[in-house]
Amino acid sequence: MTSLWSRIYTRKLQSLCKRAEPTCLRHICSIHEDERSDIKERGPFASKLKTRGVVSIQGDDTFRFLQGLVTNDMRRFEQEPPPPQVATPTLNQPVAFVEPLYTALLNPQGRFLFDAFIYRLPAKDHRLNQFGSAPNSNGTPLLLCDIDADTADEFLEHLKKHRLRSKVGIEDMSKELCVWQRYGGSLMQESQNCGNAEVKSSGWGAASDPAAQASVEGDNEGYLWFKDPRNRALGYRGIFPSERIPPLVEADKEVDEIYYLLMRLELGVAEGCNEIQKEKAIPLEYNLEWLNAISFEKGCYVGQELIARTHNRGVVRKRIMPFKFVNDSGGDVDQGSVPGAGAEILDIRNGKKVGDVTTVVGSRGLGMIRLEAAHMDMSQLAVKDVTGFHVKLFKPTWWPANWSPDGYNG
């Protein structure tokens, strides 16, 4: 039976779909055999992520406090900033900054509770003031956490429960700040080492101008676009003031966040408590180690035992995978009648369950699939108690080769 959380999430997705352009949505949901979608062809797009909230954390014990709670290593935030990354600082770009990290918080049994993107805003002495002549003296929160908006209150309660006597201030800033994502088009194809293609020609006569490039990537309060820390194909992510549009967001390229969700479904990346089931999900099954959310070198943190034991054994039997519902001939199905989250995926040869549907938009979705079924033909996979549908699985291009059907997790 479909759980309450999945029914609520399905209704949320339906409301998002209603706000998106119907024609564009049909085009994007229809991924052709070559797996090239309109998101790749027509972007870059930008979306304000209303499903995400922002929490600030500040205080003398901030790093030590979070180090014992999150799966990633906070020590790189605590270190001195790296050498200047910008030769010519501007009002919109500090002379040095630290890239954000993606992480998760677990319960003592090692099950997923929350995911978070953590940003360290540039120190005030690394930024120019409004006149461009001296360090900025305006105070800003030390760390900002981009979290699931639906569980923001639970996230705050969780942090405050573990704060004890730590000198840490925690505040919900979701009204003042919001999360944006830029993705698709050339942003899905850029290499790890190349810069943002949209700003490379920023300058007089479209010539290369480092100062101009730096200026257009941020605003005068220190908020910047960063490469998504999970995977370069996801584009750029940032936190910006709610009352204005971030830099590099063009009016004709701002779209509903359902487009961002569809891109993640295509890439096989789950996000938030509605897609990564709270208190039940095992982080390694959701590929969080390959999305740079887990450090195996840091010290102890809540829930570490299960993560370390599973990693050291080297065996994960099932993982989250993207799929598409197709008809008997492999063509598109009527999106209005597709099964929802919670449906079981079966091997029709023996009736054995090989996975569960976790997220669905149109005919695309994510499923928790046993790796032994990852190589199976669509004619062998169907949905329990549903006729006329088959399940076509896609192995994301970023998956490592050693995630083989025997479950090895090397």
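A salt bridge is taken here as a side-chain nitrogen of Lys or Arg within 4 Å of a carboxyl oxygen of Asp or Glu. The structure is a predicted model, in which local features need pLDDT of at least 70 and side-chain atom pairs count only at pLDDT 80 or more, whereas totals for chains, interfaces and linings use all residues. Residues are numbered from 1 along each chain as its sequence is written, and side-chain values use heavy atoms, with hydrogens and water left out.

Across the whole structure, 20 salt bridges are found. One of them joins the side chains of Arg244 and Glu243, at 3.1 Å from N to O. Accessibility is classed by relative accessible area (buried, under 20%; exposed, over 50%; partly exposed, in between; 1.4 Å probe, protein chains only). Arg244 is partly exposed at 31%, while Glu243 is exposed at 61%. A further bridge pairs Lys384 with Glu344, their closest N and O atoms lying 3.8 Å apart. Helices (H or I, at least four residues) and strands (E, at least two) are DSSP runs numbered from the N terminus. In these terms, Lys384 belongs to the loop between β14 (381–383) and β15 (390–393) and Glu344 to strand β11 (residues 344–347), so that the bridge links distant parts of the chain, 40 residues apart. Shared partners also join Arg52, Asp115, Asp146, Asp228, Arg230, Arg237, Arg264, Glu271 and Glu275 into one salt-bridge network.

The charged end of Arg182 sits over the ring of Trp225, 4.9 Å from its centre, the criterion being NZ of Lys or CZ of Arg within 6 Å of the ring centre and within 35 degrees of the ring normal.

Strand β9 also takes part in an open, antiparallel sheet of four strands, ordered β1-β7-β9-β8, where pairing requires at least two DSSP bridges between two strands. β1 (45–49) and β8 stand at the edges with a single partner strand each, so one side of each is left without a neighbour in the sheet. Six bridges join β7 (residues 177–183) to β9, and Trp180 has Gly238 in β9 as its bridge partner.
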